Amino acid sequence: MNDFDQAAHRFAILDHAPIGQFILRKDFVTLFWNRCLEAWTGIPREKIVGSCILGHFPHLGTAKYASRIAGIFGGGPPTVFSSQLHKYVIPAPLPGGKQRFQYTVVTAVPAPAGESCYAMFAIQDVTSLTEAIENHRCALQQVLTEMEERKKAQAELLANAEELKKLNLILEERSIRDGLTGLFNHRHFYDVLHRDFLLASRNGQDIACLLLDLDYFKQVNDSYGHPCGDFVLKEVAALVRRSVRETDVVARYGGEEFAVLLPDTNLEGARVIAEQVRSVIETHLFCFGPATLNISASIGLATRLSHRLSHPPDLLAWADRALYRAKGDGRNRLVYLPPAEAGISRLPAAGTS
Amino acid sequence: MMTAPTDFQLDVLKELVNVGVGKAAAALNEMLESHIELEVPSITLFQFENLKEDPEGFGDAVVSCVQLRFHGSFNGSAALVFPPRSAAKLVAALTGEDPETPSLNAVMAGTLNEVGNILINAVIGTIGNMLAKPFDFSLPNYVEGRLEELLNPGEQGADLTVLLIRTRFRVQDRQVEGNIFLIFEIGFFDALMTAIEDLGLPCRA
């Protein structure tokens, strides 16, 4: 029996294996080619057994295969060709034309005579596994991409929220300020008055309120125009702001009316500050273009303790009455109405500047 | 217990290992597009029971391992062991995958199996060839787990001799450490030493 007949007999059982198997002799002549490989490659056993495998698959002669296969002929340890590093050892197309991915192990099997061994190739089709891995990888990539996008969207949202916060702050700031003078507006002043008044009540402290109205302001507007009027209002705002303390709250109360809230300040203290405000305005020279104007202000003063008040609006009402009296008494003055005069005082009518 | 090897025996053993690793490097370079360098920084011998004192300190970490049993002139097993990070780095360098990709695990097994197979084969193949002592080999097997469990020979107990060959792979600009454990069953390390001694005799005679 020659090597081929012997091999056909000896390796016949490999025809039943669901893996591709073939046997090589030391000279790379194919001794056996199993049915599975026939099916995979379309090469029938008769065509390949007895011939050098390099005639069919020249790549096996390149160093990366040949030197490792040579080790097997010498009886060396099994050698692995993974699908990751080689894709395939024996090209075996699938119906779609793609090649099967293969995991190949080559082992030495004793040759009947002589010293060298045969090399037995066992080739597993790992296409489905490889595809599963590939699918898994794609799915993973997709998830990662989605996560990345979601993260980005979230970051954008956060940035927007941050922007919104800033805008809100600006709006809020605007909603409590008077656009022309930058002082607090009427509404905010009222809120602060309410809060500070109650706080003062609870702590048993005094709190004073000044209402200030510019005298003959209408004439300023009429004679010099509204821009000049605006200029005067701004100047007065700055003057008042500078004349009071950091903790005092200054607001533009109406057209040419200003309000100052003096927390923790009694009648005497408030008088000093109010008089200071009045005189600062009186002595200030308002220079608008070529014109130089003198302006004066009437001020009404009230305090919580001196009037024994328990409601925040009453403080304003008393200051307003005092202001009305100041106007009536000839303007450019500070008036405090003692509570004794409450009975004879009437609420001021509007538009008495 | 093994008998302590002589300097001559150790020198020959180191030489065999170096030749084997050199062959492995040549085989890898034939196969891969990127140039790969292999070095053996150190070789140490110890009893299996002292595995825990291994300065590598794998501890309880999960390692990647390619294993192969051999029997015949010498009985034992060989394993190439990588800490997971190193395994990923090496596979990434060899396959061009991104080392941070979790799916790397999937391609790791096959690649490491082949690389480990080449390296182990070259080392024990060289020992067998040079000493003219034939072995039989089991199929290579890729496993992951704790080092002690993976290498544990079971009933044989602790009285095994371990030859630890540290290897350093350099691929492109990356450097990866891997360890080859050659574990000899009782008596077979001594047999190896005797074979080496025999090899030396004619020269010294």
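Q: Which residue takes a positive phi in the hairpin of S1(A) and S2(A)?
A: In this predicted model, the residue is Phe28(A), with a phi near 65°, and the hairpin has 5 residues between its two strands.

Q: Why are S1(A) and S2(A) called paired strands?
A: Two strands count as paired when there are at least two bridges between them.

Q: What makes S4(A) and S5(A) a pair?
A: The same test of at least two bridges applies, and S4(A) and strand S5 (residues 117-125) of chain A have 9 bridges in the antiparallel sense, so they too are a pair. Here Val109(A) stands opposite Tyr118(A) of S5(A).

Q: Why are S2 and S3 of chain A said to stand at the edges?
A: The sheet is an open one of 5 strands with antiparallel pairing, in the order S2-S1-S5-S4-S3 of chain A. S2 and S3 each have a single partner strand, so one side of each is left without a neighbour in the sheet. Neighbouring strands of this sheet are turned by 20° against each other on average, when direction is ignored.

Q: Where does H4(A) lie, and at what angle does it run to S5(A)?
A: H4(A) lies across S3, S4 and S5 of chain A, running at about 125° to S5(A).

Q: How many residues of each chain are in contact with the other chain, and what makes a contact?
A: A contact requires C-beta atoms within 7 Å, and by that test 22 residues of chain A are in contact with 22 residues of chain B. H4(A) gives the largest share of the chain A side, 5 residues. The residues of that side divide into 10 nonpolar, 9 polar and 3 charged.

Q: Which residues make the contact between H4(A) and H1(B)?
A: The axes of H4(A) and helix H1 (residues 7-31) of chain B come within 8 Å and cross at roughly 145°. On H4(A) the contact is made by Ala63(A), Lys64(A), Ser67(A) and Arg68(A), and on H1(B) by Ala27(B), Glu30(B) and Met31(B). By class, this contact has 3 nonpolar, 1 polar and 3 charged residues.

Q: How do you know where in chain A the predictor's confidence is below 50?
A: The pLDDT gives the predictor's confidence in each residue, from 0 to 100. Chain A averages 89, and 96% of its residues score at least 70. Over residues 343-353 of chain A, however, the pLDDT is below 50, although this stretch has 13 contacts in the model beyond near neighbours in sequence.

How values were computed:
Residues numbered from 1 in each chain as written. Chains lettered and ligands numbered in written order. Predicted model: local features only at pLDDT ≥ 70, side-chain atom pairs only at ≥ 80, totals over all residues. Helix = DSSP H or I, 4+ residues; strand = E, 2+ residues; numbered from the N terminus. Contact = placed C-beta atoms within 7 Å. Nonpolar A, V, L, I, M, F, W, Y, C, P; charged D, E, K, R; others polar. Axes fitted to C-alpha atoms, helices over the stretch in contact; angles between N-to-C directions.
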